[in-house]
Amino acid sequence: MRWGILIPILLYAAVLLVIAWWSFQRRRAVSEGHKTEHYYMGGRSLGWMLLMFTLLASGASAGTFIGGPGLVYGEGYGWILVSIFQVPTAFIALAVLGKKWAIVGRKLGALSIVDMLRHRYENPIVVVISSLGIVVFLTAYMVPQFVGGTRLLEAATGADYRVVLICLAVIVAIYTTFGGFLADATSDVLQGIIMLVGAVVVWVALLSAAGGMGAVNEQVMSTAPELFTLPGPAGFTPQMIASYSLQLGLMFGVLPHLAVRAMSYRDSRSVHTAMKVGPLVMTIITLGFLTMGMMARYYRPDMEVGDLALPTTIVEVLPAGVAGVLFAAPLAAVMSTVDAMILVVAGTIIRDLYIAYVNPRISDGRTSAITSATTLGLTALVLVLALNPPDYLELLVIYAIGGLETAFFFPLVLGLYWKRANALGAGLGMAGGMVWYTVVNNWAPELALGMFPIATSSAVALALFLLGSYMGPPPRREVLVKFWGTQAEIDKLGDAVRPVR
């Protein structure tokens, strides 16, 4: 056991548990009727730093810190080119979607994107399809997060994979189950700062030991020149790069675990500051960690599992105490992403399905309690699924992201900005897009037309959305008032603006 590396990581875990305890105490003090909102959105009280870091920490997952460097290690610089599209994620999520979501969400009391879809389309089929999409694809998204964190600790400590996986799951379960959204957002600030500092320090340390980026490129070029050209081993043709710009850039902000955070800011000053600072921080994190994949190839060109490239290099090149502190950065990314997803999936199951269609009379306190139990059960489920890890985490991450974007991008964006959008369009777009995406990924890759499946899947989803919106009846006037009217107009309509179950 490498105790020099393990002790800083254990101290980091202890800090997370303290945050969870503090958040739990605040949650207990919240009055009846506000407990659920506090658990899911922290009372809509995030300042700019909490908002920015919780968005970045939730978006920058195991893919950024472990899977991404692993793919650069195995397939070259093309992965850095396409990953840079994720830099403006916080800006797009807040500017295009978050500001409008937050305004409408406060008026309607919405706590999730499924809540928003329920109010906008007033159709249970749309709610059920969107809920299933969240549960299936976010669960698939959580598995590589657990695998990434476990591989990181496995390389760092030398402990058995399964033992490390269980320990990681227990820590995540405790601070997410008891602390809720506030614990996640608060820990995200700590985790985001660790990520930012860690990206800079690890990058400088590895580069200094190698003698500069020129020496790294020269050595790797002599043995694997294909890693420096396009399309390269990953097949990055111009059409593939364009399709990745959709998936990792333009459409990324609709991911449910990011969207709910974009709705939770305190005031306009907070959101505008986060929009300015967020892309700068994300640039440092993305470029810093992904170029380390090439540095790992400089030090160890013969590793069989690409995802182990960065953690193994850190262990072998840096002093034990320093490596232990720096390991907290990618571990923070993994934990902050998975806790955000667990909360969203638990909320979907309990609030959007169970309470909406099974037990609408349940009390606020009881809701808070069964949500905690569901959070615990979800963590256990993902733990079981992570027992058989894939070779490249990033590929499973990208698969899950594409499925979520195909399902939610058009119903959410057009639902906010196009008054003609209706339930038939949303239902057809979501169902048709997800079916096409699944078929192309698993059985008919030729239907992707040489691009990543997100491109043709989005085209199908948009075509069906427009077709359904023009064929079906327009939204009720009350719906338009809810989304484009003032609070006074909403109050005047009274019960008429309540969503249809």
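A salt bridge here is a side-chain nitrogen of Lys or Arg within 4 Å of a carboxyl oxygen of Asp or Glu. The side chains of Glu478 and Arg476 form one, at 3.7 Å from N to O. The model is predicted. Across the whole structure, a search finds nine salt bridges.

**Salt bridges around Arg300**

- Side chains of opposite charge can pair when their charged atoms come close.
- Arg300 has a salt bridge with Asp302, at 3.4 Å from N to O.
- Arg300 also has a salt bridge with Glu316, at 2.5 Å from N to O.
- Arg300 sits in the loop between α13 and α14 (309-317), while Glu316 belongs to helix α14, so this pair ties together parts that are 16 residues apart in sequence.
- Arg300 has a relative accessibility of 25%, so it counts as partly exposed.
- Glu316 is partly exposed too, at 46% relative accessibility.
- Asp302 has a relative accessible area of 56%, so it is exposed; the cut-off for exposed is over 50%.

**Other salt bridges**

- Arg476, the partner of Glu478, is partly exposed, with a relative accessible area of 33%.
- Asp115, Arg118, Arg351 and Asp352 form one network, joined by salt bridges that share partners.

**Helix α10 against helix α13**

- Two packed helices are described by the angle between their axes and the distance between the axes.
- The crossing of α10 and α13 is left-handed.
- On the α10 side, the contact residues are Met213, Ala215, Val216, Asn217, Gln219 and Val220.
- On the α13 side, they are Thr291, Met294, Met295, Arg297 and Tyr298.
- By class, this contact has seven nonpolar, three polar and one charged residues.

**Helix α8 against helix α16**

- α8 and α16 pass each other in a right-handed crossing.
- α8 contributes Thr139, Met142, Val143 and Phe146 to the contact.
- α16 contributes Thr379, Leu381, Val382, Leu383 and Leu385.
- The residues of this contact divide into seven nonpolar, two polar and no charged.

- Leaving aside neighbours within four places in sequence, Thr286 is in contact with Ser83, Gln86 and Val87.

Definitions and conventions: Residues numbered from 1 in each chain as written. Predicted model: local features only at pLDDT ≥ 70, side-chain atom pairs only at ≥ 80, totals over all residues. Heavy atoms only, no water. Left-handed = near helix turned anticlockwise from the far one by under 90°. Helix = DSSP H or I, 4+ residues; strand = E, 2+ residues; numbered from the N terminus. Contact = heavy atoms within 4.5 Å. Nonpolar A, V, L, I, M, F, W, Y, C, P; charged D, E, K, R; others polar. Buried < 20%, exposed > 50% of the residue type's maximum accessible area, 1.4 Å probe, protein only.
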